[in-house]
Amino acid sequence: MTRSAHSIFIVSFAAAFTQAPAHSQSVRVTPEIAIESRVFAQDPQFDGQLDAFQAALILSGDLRWTSRDRQTRVRVEPYLRLDAEDRERSYGDIREASLGRRFSDWDVLFGVTQEFWGVAESRNVVDIINQFDTVEDFDQGEKLGQPALRLGRRTAIGRFDAYYLPFFRQQRAPGRVGRVRQDPRLDTDDVAFERGGGRWAGDVALRYTHTAGRFDIGLHAFRGTSRAPLLVPRFGPGGEIDRFTPFYQRLTQGGVDLQFTEGPWLLKVEAVGLGLGDERIVSAVAGFEYTFFDVSGSGADVGLIGEYLYDSREALTAPPTPFDNDAFLGTRVTLNDTQDTELLAGAIIDGETRAVIGTVELQTRLGEATLLELEGRYFDGSGDPLLDPFNRDSHLTLRLTRYF
Amino acid sequence: MRASSLAATLIAGMTPTLALADAALTSADPKERGYAIAARSDATDAGFGASSVRLAMTLTDPRGRKTTRELQIDTLEKSGEGDGDWSVTRFFSPPDVEGTALLSQARILDSDNQWLYLPALRRTKRISSANKSGPFVGSEFAFEDLTASELGKYEYIYLGTETLGDGTEVDKLQCNPLYERSGYTKLHCFFDTETFQARRLEFFDRGGRLLKTLDLQAYRQYPGGYHRSHRQTMQNHLTGKSTTLTFEDFDFGVRLSRRDFEPAALADF
């Protein structure tokens, strides 16, 4: 960016904030408070883990501001979780605190943000910008806010985005009392990085997205630090493994995500090539989603989802993944009722070890401003070294969220 | 400015066609006459460019219990050959769906393109537009009621001229959906003979029964000549449920362009 362009940029920002009359902007503030309880079906597998019941309080909410000309917007979403049992699950985060501004075909976004890349339902191998919130949930449904600067440009042949991510967010892990964890536990206070700058080494990414008829295509390249850590065993005085510590490697990756939409069919594929340490890895998800709409005139939609997950990595020198040769089968039921009731159920089955991760998620609104969510997680990991630690951790989570 | 000059160009360019259309409006062929009436109504909207409106959608069940959703609909007038109007529908309430947005790029002959933005995941997902007859967010409006307003999506048959209960004189047409997967065998469409605006639609289900009636009321005319209904009530005769849309003022001066109707724009607000 040249110096003059830079100053125009700043002036425009100032103008956007000072010229728009107060009455014509759009400001929406929605605080929310949630209570959550998790119930585990079986006694714990490891020493120190809590028995059956885990409660939490979550304070969150968001603020959305849009300027009168709709060219500038701000979004802020703080998040605080207070866990009754596990101090490592009590933490605060800025999920979002970003300012976006458009300039004809250009746009810029600055601040802490979240990005979603991908098309698949079971696992998004291309989704690299944010760190996953691994204490919030086992699956990749929640993310930590990522400090970012994004510059976007739309053209006749699609949209280009360039990202600079100055600061690395490391994965959190449950404490010693927590369930659904490695054993020995991951000690996130003792972290190491392959890259010299550590947390401040910075990542860069490029993304291209385009819609061509029935195809939605995305391409990306990323150079920076791996979001998933290598787990380094640390030995105690007796020679036994005392704890694991995270080691974040240098990562270079490129990938593609593609969806074909035709009638009730969605056909999807995501694939990435990774350079991680000395390894060259291919990771992919491919599958379909077929929806029966308005089943028997009931208004409800029933979708069937099938996906295949592949990963070429050999353990030891790259962060392990249980999803190396797995099938996902699932269904999504949307009632289309006034309470927006939705059910998502599915299972990932390992092709070799036959380990199973099952999930059921049900949500519905009670009245006008309360959301009820029920989440079940089922683990059968015997015979799979990566899932065996969760073998007795099948659980049910009930969450009630009240919006104000 | 741009919209009015575009309208002027259209009117100047269309004079010979209008003369032809005038003949069609009194044609003895009910199909030719029906199409002419529908086309005349469609033409009153030509050149509006873009609009934005906020509305409340109130769902009422047979026992009188109500639920209200607040939303905003941005519309971009059909911009190219084969395109229909493009729209973005954003939800402000209930609070758990706040920020959810639906982008619909209507096509005349091809299937529409639709994307859904889910704010909790920051995910924009291309969705199937095969869902025509299913309800839109629990309301009595089906997807096709909201997206299939293009002239070319129906065949029209003139049935007669009637007077509605409020004294409005209307032309009654039978409108047969030409697109795939419609939940209706036919519609009865009632167009005001003075303002040419639709005043009532009756929807007949696959069994030929009268399923729903949509009444369009509280019409106002905006600068540029565009008419908009500010209260629309869809009554389902089989379930007893109804949905009322109450519109605030339409903003025709809003600065919207094609980039506001692309998938990347859904995450912006």
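Chain A has an average pLDDT of 90, and 94% of its residues score at least 70, pLDDT being the predictor's confidence in each residue, from 0 to 100. Over residues 1-23 of chain A, however, pLDDT stays under 50. Where pLDDT is low, the predicted coordinates should not be read in detail.

This is a predicted model, in which local features need pLDDT of at least 70 and side-chain atom pairs count only at pLDDT 80 or more, while totals for chains, interfaces and linings use all residues. Residues are numbered from 1 along each chain as its sequence is written, and chains are lettered from A in the order in which they are written.

Chain A has one helix and 21 strands, where helices (H or I, at least four residues) and strands (E, at least two) are DSSP runs numbered from the N terminus. Of its 404 residues, 34% count as buried, that is, with 20 or more other C-beta atoms, placed from the backbone, within 10 Å of their own.

The largest nonpolar core has 28 residues, such a core being a set of buried Ala, Val, Leu, Ile, Met, Phe, Trp, Tyr and Cys residues joined through C-beta atoms within 7 Å.

A second, separate core of 21 residues includes Phe191(B) and Leu211(B).

Key. Buried ≥ 20, exposed ≤ 12 C-beta atoms within 10 Å, placed from the backbone. Contact = placed C-beta atoms within 7 Å.
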